[in-house]
Every structure is written in C-alpha cells, then in structure tokens.
Amino acid sequence: MPEPLLHLEESRSFNRDVLAYIQHAAETGLYEIRGLGAKRALPTFDDLVFLTASASRYPLEGYRETCATRTVLGARRARQPVELDIPITIAGMSFGALSANAKEAIGRAATDMGTSTTTGDGGMTEEERQASKWLVYQCLPSRYGFNPDDLRRADAIEIVIGQGAKPGGGGMLLGQKISPRVAAMRTLPEGIDQRSACRHPDWTGPDDLTIKINELRELTDWRVPIYVKMGATRVRDDVKLAVKAGADVVIIDGMQGGTAATQQVFIEHAGIPTLAALPLAVEALEDMGVADEVQLVISGGIRTGADVAKALALGADAVAIGQAVLMALGCNSPTWFDHGAAIDATPDYHALQTAPGYCHHCHTGRCPVGVTTQSPELELRLDPDHGARRLRNYLQVLTMELTTLARACGKSNVHHLEREDLVALTIEAAAMARVPLAGTNWIPGKPSL
Amino acid sequence: MDRPSQRLIRLDLEQQTLREVNDFLHQRLPHEFAGGEMPRVEILNPNGRHNVAVGLDTPVEVDILGHAGYFIAGMNKAARVTVHGNVGWSVAENIMSGTVRVKGCASECAGASGRGGLLVIEGDASSRCGISLKGSDIVVAGSVGHMAAFMAQAGTLVVCGDAGAGLGDSLYEAVLYVRGQIAGLGADARIEPLSAPDHQRLTRLLAAAGLPHAPQEFQRVGSARNLYHWHADRGGAYG
C-alpha cells in the first residue's frame, strides 16, 4: 500500500528556523552567541551601479593612464598624519579573537600594500607592531592591555565608541579563547567568559569625549591623528558630536560589520545598514562644513572593489574591512595548507556542527583554519607567509577593481568618484543612498530633478 | 620635600599654555636632567584645567598647586604627582606606576583602569572610583560614591570612610577594603574574612598613604566568581 501523501504547510511566522531558535532557548536558557556579521538580507552596495563613461563622459585607458589611490587620513591637527597608498584599511580585530599568526599575516600584507592595520580589544602585540608600518591603536571601553608606551608607538589612535555588529553592546570572549597569553594581556583569570564593557570607564558623553581626545593628544604631543569609531545608529547626530569633540577621522561601521562574538540578537537587530549610514555621515560632515578636513571611513560588509568604489563615490575617504580579511586568510575555506599541501578541514567544521561556507563559530576558539583561535595546534594551520600572500593578493584585486571602475568613470584619482556616477536598482537603495533610481531622475524623498 | 640641593622649576599655567607645560614635562625635562638629579616641579594656577601632567614617564616630583580638572596625571609612569586641591573626573586614569596624591576630593572615576602604582585621595572620591581597575592600589581617606570598583580586575581599593551602593559590582580579582559602612554590594561581590595577607597589604598601603588606621578595622570585599561563566541559572544576575 502506498503511503498517503502528507500535506505539509510550514508556518511563515513559526518556520523551522524560528522553531529551532525557540527550542534552543527553551533547552538552554541562554541566547545564541556567535561570530561574524548579519546574515539577513539587507540593502547593500550591490543595489547600486555605476554610470560609466560613454559619449557624455570619456574614460581613461585602464592599462595605460594612471589612477591615483593615495589616501591621507588625519591631517587636520596631527603632526604626522596617516599616509596610505590605497583607501582600503584593515579594521580593528583583537589578538585573542584572532591568532598571533593571523595578526602577523595581516600586518605584513597591509604593510606590503601601503595601508594600515588596527589593534583590537586586548592591546598591541609585538608581532603586529613589528609587522605593520601603519598601526592604528584602539582605545576601547575595556582598556585591556592599554598603556601609554603602546600609545606613543602607534601611528594613530582610534577611540572605539561602538561597532556595527553590536552598537551599544560590549564585547565578549568566551573562556575557551582566554589562553594564558590572552589572559595576561587582559589582566584576567584564564578560561573565564570575559565581558568587555560597553562604555568607557573614564568619560561619558560628548563633552567628556572632547577632554579625552585632548588628553590623548597631549600624551602623544599632538603627533598622531585621533579617530573615533561608532556603530551606525543615529549617524547624523553621532558624527556631528564626534567632530565637535575633535575627531580627525570618523569611522562608521554599518550593521553588516563583524565581530568575534556577540549576541545574535544584536548582530541581526541593531543598527542600520552600511548603505544607509554612509550618506548620513557625509551629510553631517557637509552640514558642519568639514568634509574637506575630517576624513570619513566606512566599514561593515565591504567585500569587493566595486563596494570600495561605491563607498568612495558616496563620499567616504576610505573603507575598512574585517570579515573579508579573515576570509582572504582562509575563513570558511574547506582546506588549510601545510607546506603548500591542501589539508581537508571539513571534519573539523563538522565537529563544530557546521560546514565550510556556513561557519560563524569564531566564538568557540576552534577555528578549523587557524584564523580565530588561541589553540596552539590550530594556530599552526595559518602560516603567516601564506596568509600574508593571500591577503596581499586580495587587497591588490580590490584596488585594481576600484581603479578599473574609476578610470571607466573618467577619473584619474579614485577620490574623484562622486555620487553623480551612481544610480540605484531598487527604490530602497535609491532612498538610502540619495541617488536616482536607474532609468529615472527620481530620488525618493527629494523633489524631481 | 625639597632636598637642599634639589632644583625647583615653576611652571605657571596663567603664563604658559597646557601644551608648553606638558611638552616640558615630556620632552625637555627628561632630556635636560638625564643622568642627574631631577628637579622638583611646581605647576601654578591650574584653575580647573584638564589634562595637566598627563603621560609623565620620568621619576620626577610634580606639585600642582590648586584645583584641577579631568584626567590629571593620566597614564602616569614613575612620577610622583601631588595635587594641592580637588580634581575632576578620572584622576590618574590608567596609571602605570609612581604615585598620585590628591590633597582634596576627587570627582568620578578616580584611578579608572589603573594598572600599577598608587593613588591616594585624602578627601572623598565620587562614584565609580577604581572602575575597571587592573592592578593599581587606591587608598581613599574619606568615602566613595556608588559603583566603586565596578568590573575591577586586579589591584586594591582601600576606603577608610563609607562606600556607596553597588560596591564591587561584577568584580574580577581586585580586592576591596572598607572601614566604614557599605550601603550595598553589587552583583557578585561578597564580604570575605580578613586573612594575614590582607593585614599585611592593608598595613603597607595605609603606611604608604600616611593613614593611622588599623587593618582589623576594615571589611574585605571580593568576588564570589559566580559570573565568571555563562549559565542559565544565573540569568537574573546578568541583568
């Protein structure tokens, strides 16, 4: 006898993902903590396209005519601004979240490409200082490992108020990543589930921030620029307050920005998309008349040279990348390399109940490819030479894609890309980016041209 | 105290900019007196100015003659700084070593995130004194406000007067001693018995601060360590 056909109708409100969430919550009494960034569908730079040159504009020859990429950050007050060869910087990621080999590989690749890298929650390691020509030193709420000696040997100081993955929330590093070295750097007992503070311990509010920025300037004898990094929420107000407080560079991290570990509810439900945040930040700088003095760095889900080009066209001076850096190093790859030989890592993904392409288990410290781990055994899976070469290749591709698009728009300098070079493919993207919907002259919320 | 041969240098914030004063302390002073006896430095007319004597990295004695603002002697290394007046927020924040002494009272977040050295406040300290402490010793001759030693990781806070509500909330391995009344303990903080090492530590710190109290007059507060690991049954304590 054939089985009777079942009529299966999945609830849209309580689908299998929601059921799994409820049942996990009921079983454990704890919310989910994970790494990386938002996985939900969001408006992105993919919803914009360039109006490259034709009869009304003329392009530059892609393989002959130069297209400048030099980027200077923080020249407003610092005696030694940050002078980069490309407008693509490496975002702050901590030693602790990342292995020492990963930090070293990042520093070497960034230096080879003439760009900056950034410390993270946990302080500066000797490996990354030695490997990095341009090293931005973060001043975070936790102040783990923070000290005036490292401040004085930094090339810029970044006051972190928040980040896109968890604006308003503090960081986390679960016990399995608190190795003896990480514990010593953070002045914490080994193996505890560590909570980073969400507010700075020594100041509150924008007036205090003004004084704090001046303290850091005085301490470093006004040598290096001061950046202020914020998660994208009330962007227009926050950017104005940061500039008024004295920031030389403002970094806005959209909700696609990644993290080593935080609550899933933060990652998916707090902050606004990078695409929406960037025009708000630009408008804030223009309102204050400082768009030519204060540099804007945008981050959160930047993946391709096209993303970089679109960010610059919308008014950013540079971008910062984090998750893409990890992926260039091998994050979510099915293999790792031992003296050039590819070794299958899928059993290690399966042990974490995940698979290559789906892994967000940075918080476990059991990274199958040795990037986000403190395990001496796993860390060896990322050779700094190999990692640096891969990241350098990736940064080169981003830069070539960026200049290719810029030349096709007729620009001899990537910083000449402008909003007029873009149109949007969706009404949402047009409204957020303040560019016309493709095929129209309509920008939602603005009078027709 | 002046030694007969010790040179005295006076810097006047009514005559010189803050930048000039801090630049002298950072650059000229260690360079000009390298290998010899350091002079004593007096800073006149602070008049509530912020960021005075931040980032010192020299074993010099500095007296700030008057009331001063935020971040006084921030991130101090090696220097011995005395403020002859009151201070604003975050005096000696992130102090690494040396001594900072406030003859008056301190506003919020005194000694925040300090990693070493000694901070003495001869008056009272406001809220969040010793927040995020990472190894410094702080002695307050008077009382402290609410949330003192919040998330303090290592080091010692000695309070000779009373402590406000939420004392030692989310403590890690820092140890607190209170001689007066405790208005309330924060999450995961608990009263613990005084041991012989506590007596020795208190005796040393009270002597360094120049205070006459006996160790047995104090209560010890430490971490119950119940929040060191995430656990469903402690959900309420996580807030």
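Let's start in chain B, with strand pairing. Strand β9, residues 175-178, and strand β11, residues 219-223, run antiparallel and are joined by three bridges. One of the pairs to look at is V178(B), whose bridge partner in β11(B) is Q219(B). Strand β11(B) also pairs with β10, residues 189-192 of chain B, again antiparallel, over four bridges. There, E192(B) has R220(B) as its bridge partner. A caution before going on: this is a predicted model.

Now zoom out to the whole of chain B. It has three helices and 11 strands. Along the sequence the order is β-α-β-β-β-β-β-β-β-β-β-α-β-α. The C-alpha trace spans about 60 × 35 × 30 Å along its principal axes. What about the radius of gyration? For 239 residues, a compact globule would come out near 18 Å, and chain B has 19 Å, so the two agree. Buried residues are 52% of the 239 in chain B. Take the contacts in chain B with a separation of 6 or more: 25% of them link residues 24 or more positions apart.

Next, two backbone angles in chain B. N45(B) is not a glycine, yet has a positive phi of about 55°. It is found in the loop between β2 (40-44) and β3 (61-65). Is N45(B) buried or partly exposed? It has 14 C-beta neighbours inside 10 Å, so it counts as partly exposed. A149(B) is another non-glycine with positive phi, near 60°. This one lies in the loop between β7 (134-140) and β8 (154-159) of chain B. Its C-beta has 33 neighbours inside 10 Å, and 20 or more is the mark for buried, so A149(B) counts as buried.

A149(B) brings us to the core. In soluble globular proteins, nonpolar side chains tend to be buried together. Here the largest nonpolar core has 209 residues. Which residues have the most contacts inside it? From chain A, they are V250(A), A281(A) and V319(A); from chain B, they are A53(B), V140(B), A149(B) and L157(B). Helix α9 of chain A, residues 274-288, gives this core its largest share, eight residues.

A word on A53(B). Leave aside its neighbours within four places in sequence. Its contacts are then L25(B), I43(B), V62(B), I64(B), I72(B), A73(B) and V81(B).

Over to chain A and helix α9. Its 15 residues, at 1.5 Å a residue, should span 21 Å. Which of its residues are buried? They are T274(A), L275(A), A276(A), A277(A), L278(A), A281(A), V282(A), A284(A) and L285(A). The cover over them includes three helices of chain A, α7 (235-245), α10 (305-313) and α15 (427-433). It also includes strands β12 (249-253) and β14 (295-299) of chain A. Just after α9(A) comes G289(A), with a positive phi of about 70°.

Last stop, the contact between the chains. How many residues does each chain bring? Chain A brings 24 and chain B brings 37. On the side of chain A that touches chain B, helix α6, residues 205-219, gives the most, with six residues. By type, that side of chain A divides into 11 nonpolar, six polar and seven charged residues.

Conventions:
Residues numbered from 1 in each chain as written. Chains lettered and ligands numbered in written order. Predicted model: local features only at pLDDT ≥ 70, side-chain atom pairs only at ≥ 80, totals over all residues. Contact = placed C-beta atoms within 7 Å. Nonpolar A, V, L, I, M, F, W, Y, C, P; charged D, E, K, R; others polar. Buried ≥ 20, exposed ≤ 12 C-beta atoms within 10 Å, placed from the backbone. Core = buried A, V, L, I, M, F, W, Y, C linked by C-beta atoms within 7 Å. Rg over C-alpha atoms; globule rule 2.2 N^0.38 Å. Expected span 1.5 Å × (residues − 1). Pairing = 2+ DSSP bridges.
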